[in-house]
Each structure stands twice: as C-alpha cells, then as structure tokens.
Amino acid sequence: MDDSLTKDEFEALAQIRQMKKGVRPNACIARNAKKLIGLKYVASARDGTLSLTEKGQQTLFVKRCVDGLRAVANAAVVAAAPASIDADVATFLSRKGLIAPKAESGGFDLTERGRESLADMDSRGSKPA
C-alpha cells in the first residue's frame, strides 16, 4: 500500500489535529478519513471521534518542518518579510542546524546545512504535497 499522501489528505490531518472534541468532521475530513484510518495516521473511537495517532502526528510535524524550511528559503530569496513558522518547528530546525536566527530583523536565515537539505529533497523529487 502506498503511504504517500495528497494535499487534501495532509489538510485533513491538519484539521483533525485542530478539531475540538464533539465537533462534527467537515467534508474534507470525512472524504479522507477511511484512507487515513487504514494507513494508521488516524484512529477512530467507538463514538465516531477521530484523533491523530503517533504516526499521524510525526508525519504532520515533518511536513510542517519541510514547509517551514521552504518558507525561510523563499523569504530569503524574495527579501520579503521574515517567514512566519510555528515555534516548535523553529526550535526543531534550529536544533538541527538548518536555520539560524537573524539578529537584526527577528526572522531566520537558512544555514549551509539547511540549503543542502533542501537541495537533497528537491533532487529526490520529494516535495511535500
């Protein structure tokens, strides 16, 4: 079985992550729930509530990290306002040495290791959905 997810399936994972208890799933979640449950990204309780599994949380975090890395790279190329990335993603990318905080503007710069990682992802064709 192929574990690659589409943009719509990633969006459903993100919505499940933010969904409050007792709220009825929207169309995006309902449309993708069966596949996500089958791939063990989501667990369904007896009452029909959906929750992310550990695998789903990790997959979503990795996608957020890759998206954050790309946002920092694009902000540097365009010389736009600093990229806004979540605090947990920024902390992880900083610890891994992929980004470094800018002293003057409060944003982030891509390190050499970060550029190499992005180049490696692009050469493999593994752009996140």
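R24 lies in the loop between helix 1 and helix 2 (helices are DSSP runs of H or I of at least four residues, strands are E runs of at least two, both numbered from the N terminus). The model is predicted: local features need pLDDT of at least 70 and side-chain atom pairs count only at pLDDT 80 or more, while totals for chains, interfaces and linings use all residues. Residues are numbered from 1 along each chain as its sequence is written, and side-chain values use heavy atoms, with hydrogens and water left out.

- R24 is exposed, at a relative accessible area of 75% (buried is under 20%, exposed over 50%, partly exposed in between, with a 1.4 Å probe and protein chains only).
- Between the C-alpha atoms of R24 and L50 the separation is 9.8 Å, and the two residues are 26 residues apart along the chain.

**Nonpolar cores**
- The largest nonpolar core has 15 residues, and L5, L13, L36, Y41 and V42 have the most contacts inside it (a core is a set of buried Ala, Val, Leu, Ile, Met, Phe, Trp, Tyr and Cys residues joined through side-chain atoms within 4.5 Å).
- At least two residues of this core come from each of helix 1 (7-18), helix 2 (27-38) and strand 2 (50-52).
- Another core, of 14 residues, lies apart from it and includes V66, L69, A73 and L98.

**Aromatic rings**
- The whole structure holds 1 aromatic pair (ring centres of Phe, Tyr or the six-membered ring of Trp within 6.5 Å; planes under 30 degrees apart are stacked, over 60 edge-to-face, the rest tilted).
- F61 and F92 form this edge-to-face pair, with 5.4 Å between centres and 75° between planes.
- F61 is in helix 3 (residues 54-78) and F92 in helix 4 (residues 87-95), so the pair ties together parts 31 residues apart in sequence.
- F61 is partly exposed at 22% relative accessibility, and F92 is partly exposed at 34%.
- K55 lies over the face of Y41, 4.8 Å from the ring centre (the criterion is NZ of Lys or CZ of Arg within 6 Å of the centre and within 35 degrees of the ring normal).
- The charged end of K63 sits over the ring of F10, at 5.4 Å from its centre.

**Salt bridges**
- The count is 9 salt bridges (a side-chain nitrogen of Lys or Arg within 4 Å of a carboxyl oxygen of Asp or Glu).
- R64, D86 and D88 are linked in a network of salt bridges.
- The closest N and O atoms are 2.9 Å apart for R64 and D86, and 2.7 Å apart for D88 and R64.
- R64 is buried at 17%, whereas D86 is partly exposed at 41% and D88 is partly exposed at 37%.
- R124 and D120 form a salt bridge at 3.4 Å, N to O, and both lie in helix 5 (residues 112-124), 4 residues apart.
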